[in-house]
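Reader: I am new to reading structures. Could you take one part and go through it slowly with me?

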Amino acid sequence: MRKTSNSFSKQNSQQPKVFRGGEKKVMKKSLLSLALAGSMLSALAVPAFAATPSDVVGKPVQTAVEELTALGIINGYADGTFKPDNTITRAELAKIVIVATGNESAANLMANTAPSFKDVKKGAWYTGYINAAAAKGFIQGYNGNFRPNDPIKFEEVTAILVRALGYKDKYLSGSWPYNVLLQADEVGLFEGVEMANGTNATRGTVAELTENSLGANLVQYNTDGDLSNVQVKNVDQLLINKLGTSSSEVLTSVALDSDKKIQLATGAVATASNFFITGGKKLTDLLGHTVTVLKNKDGKVLAVTDNQAESNVITTKVNGDQKIDGTILTDASTTAYSTVATPVVYVNTDGVTIDTTVDQLKDDANIQLFLNSDGKAQAILVTNWNSDLQIDDIVAYTTYSIINTEAAGGSYKVDASTSITLDGKAATLADLKASDIIDVVKNKAGLATKVVATRKVVTGKVEATGTTGSDKTVKVSGTTYVTSVDTSKLTLGSEYTFYLNKDGKAVAYTSETAASSGDYAVIYDVDASNYQIILDGQVTAAEYTKVVYYSLKDQKKYTVYTNDAFAKANLKDNSLVELKFDKDTGRIKFATAVESQNSVVLANNNDAKVDSVSSSKLTTKDAASASTSYLLDANTVYLKVTVKGVDSTVTAATAADVKAGDKVTVKAEGATAKFVVITSAGAAAELPGVQGLFVSQSKVTTADGDFYSVKLNVNGEEKTFALDAAIATVGTNDIVTLKDTDASDSNYESAVVTPRTTVIATVPTVNNDLKTIKDGTTTYVATSNTKIYTVNSDNTGLATGSFADVRVAVDTVSNNYGTAKGQYQLVIVASGESYGDNSKEAGVILVVYKNN
């Protein structure tokens, strides 16, 4: 057992989370929206011990305390703490070493035996432990005294644990205390432990030293003083083996079955309630391995320890298509590996039935062979990796989580059984962050069984791009990296952050500057008069178009000539466009027509005017009073353009320069404004509507007539609005949209009802970055104005939600969307505003959980 974060995993399950509870006047956030990835995911990686002491959670000592508590070697305090920084007494250490070596019954027998130390009282709680420890040769006294209540030094703890492993002081080289310290260091007792010779040992340090000792080999001396490992049936024994009966087995499944049984080559065996895996590993990590299985007195498995020698793990590729019929040819050796009579075979951790009539192993497949002590393959693990994925975000559910990756990388479900490493070390899902590069193994059930994460980042200016053989390269701040990114999209001299995979290859990048650093330009004039130019000393044919443009990156005006067909056909006067260039000639050149058509024309007759503007939102209206809204963020670029053909001017602007009534052109990416170009100035205003969930309505009759009102739940608060007339057909939690069509009074004349049963039938597509939801041809965008609620299908459990709840509902990895019990559906009502590229603002989103 070596030091890692949360070094073992108790197998557990949680009940599915559902929306529960009744309506409240002021609603609370939904549980899903509060389930932050870090806090929620820690439950997946940390064993579900009933009472992990509160003062060790998240600290390096947590692993040791949990493991020793499970084994009954140590205990915390009644107040739920462990007090890892408190000192420990010599008597307490005697108990720990006796229990850890499986000698507690001997201590009970010797509890009333006359002590061998003068200051140890007969019948005290510690008497039997001290007597047994002395009889075993683990402890020594001081001139006939033991001093049971004195604190114990670090080196004294070390000496006692070294002796517990079977080492004898007389055979250790060097003088006290360096003889025991050197031996302890050699066998790994100090791994992850801060050495503090001469100081009083703390409870935390003792726990860590003891945990390391449990994973160390037991040794013995012969009559000549020669040292050897203690073995049972040719298997080295560890200290932990003293705590029960142990056997050597082959693990055949990555998870316990529904009866909490562990699957071994010899059959399924029940696990103890405090079952754990030593060494910071998951069952996934041990699949096909030879393991040491420790059983308690009831015959239930208490612990599993990896006992697969590294030399007997062959990681390689299959050499040619072949059957599994006794031998396997690999790239690792010119000699075929022999298999046992019936090896266990897995593809992405799923068990496979051997069929000796077909080639089940395919050429060049990634393969691991786990050899037994005779050198024969007892297990064959074929692994298909999904590689070089970049984490977008992680969404926590009740019993599992989803890792979403960038671009087309997909989404991956992880749970308590998933093995996770970060930069080669055991980790938890809470340790992973957005932008980490991961390799994933996914089984046929859709579960990610292994996640190998890398966090290596390089930031600097791109000095050059090129190729080495078939590999693309990028030079960043003096260092050249092999890369898989599209280097044609990189701008030399600009600063980027590159994300490297485990092999040091740059597989993703982000720009460190806003959009203006790219090749965006304002096209002043396009003159298609078929110019001749001098090229390489020769006069060309009359086929060139003159383009005058202003480069936003260089902040300069350029006059260039191009014969690129796409540029000649599609570039327009007075437009904003991202230019593309031939990297060899430096001339304008578009790869596709779509690239050259991705422009917006400035100051034409259809330009919209600013209706309203805030720090995060811009709303415009065109000549027909059609409204369009855009999200604004820190990367939005603002420009002022005076359009005068070749004499046009461009100046930088800020968000503060945008005023109501200004004539603007907006280039959007999704619902977000990438560029806002101001072309003139003016003034305007807006009037918002109201949307919420129906609570109740009322009618009051007075001498002046009938007065109607409706109470709506708006973002968790119940508000009352005056109406011209009662709403004819409406039910609790139906979505109501109110509009004021007569400014002469304070009533709402229009009330449109969308029943809460008006669900989207098929699972929509969600983009978390753009906060969009696509239902067929309709795209909704969730903004800060969008009201999100969660409710059960029986109309109970209403709560305010977040976009995370939407993502839970549409999670296709877990088949969450549908009409069956336990699934979700969405009801979306637009606010009436349009955003960016014709996206509709979602006014209300109702996430409905099917609980009946």
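Which residues form one aromatic cluster with Trp125? Please start there, then show me what else deserves a close look.

Author: A word first: this is a predicted model. Now the cluster. Trp125, Tyr126 and Tyr129 form it together. Take one pair inside it. The rings of Trp125 and Tyr129 sit 6.5 Å apart, centre to centre. Their planes make an angle of 55°. That pair is tilted, because only planes over 60 degrees apart count as edge-to-face and only those under 30 degrees apart count as stacked. Is Tyr129 buried or exposed? Tyr129 has a relative accessible area of 10%. It is buried, because the cut-off is under 20%. Across the model, the count of aromatic pairs comes to 14.

Look at Tyr77. Lys83 lies over its face, 4.6 Å from the ring centre. Now look at Phe146. Here Arg90 lies over the face, at 4.4 Å from the ring centre.

Next, the backbone. Most residues other than glycine have a negative phi, and most peptide bonds are trans. Some places here go the other way. The peptide bond from Trp176 to Pro177 is cis, and its omega is near 0°. Where is Pro177? Find the loop between α7 (154-164) and α8 (178-187).

Then come two aspartates. Asp388 is not a glycine, yet its phi is positive, about 60°. Asp388 belongs to strand β16, residues 386-396. Its relative accessible area is 28%, so Asp388 is partly exposed. Asp423 also has a positive phi, near 55°. But Asp423 sits in a loop, between β19 (419-422) and β20 (425-426). Asp423 counts as partly exposed too, with 42% relative accessibility.

How values were computed
Residues are numbered from 1 along each chain as its sequence is written. This is a predicted model: local features need pLDDT of at least 70, side-chain atom pairs count only at pLDDT 80 or more; totals for chains, interfaces and linings use all residues. Side-chain values use heavy atoms; hydrogens and water are left out. Rings of Phe, Tyr and Trp (its six-membered ring) pair if their centres lie within 6.5 Å; planes under 30 degrees apart count as stacked, over 60 as edge-to-face and the rest as tilted. Buried means under 20% relative accessible area, exposed over 50%, partly exposed in between (1.4 Å probe, protein chains only). A charge sits over a ring if NZ of Lys or CZ of Arg is within 6 Å of the ring centre and within 35 degrees of the ring normal. Helices (H or I, at least four residues) and strands (E, at least two) are DSSP runs, numbered from the N terminus.
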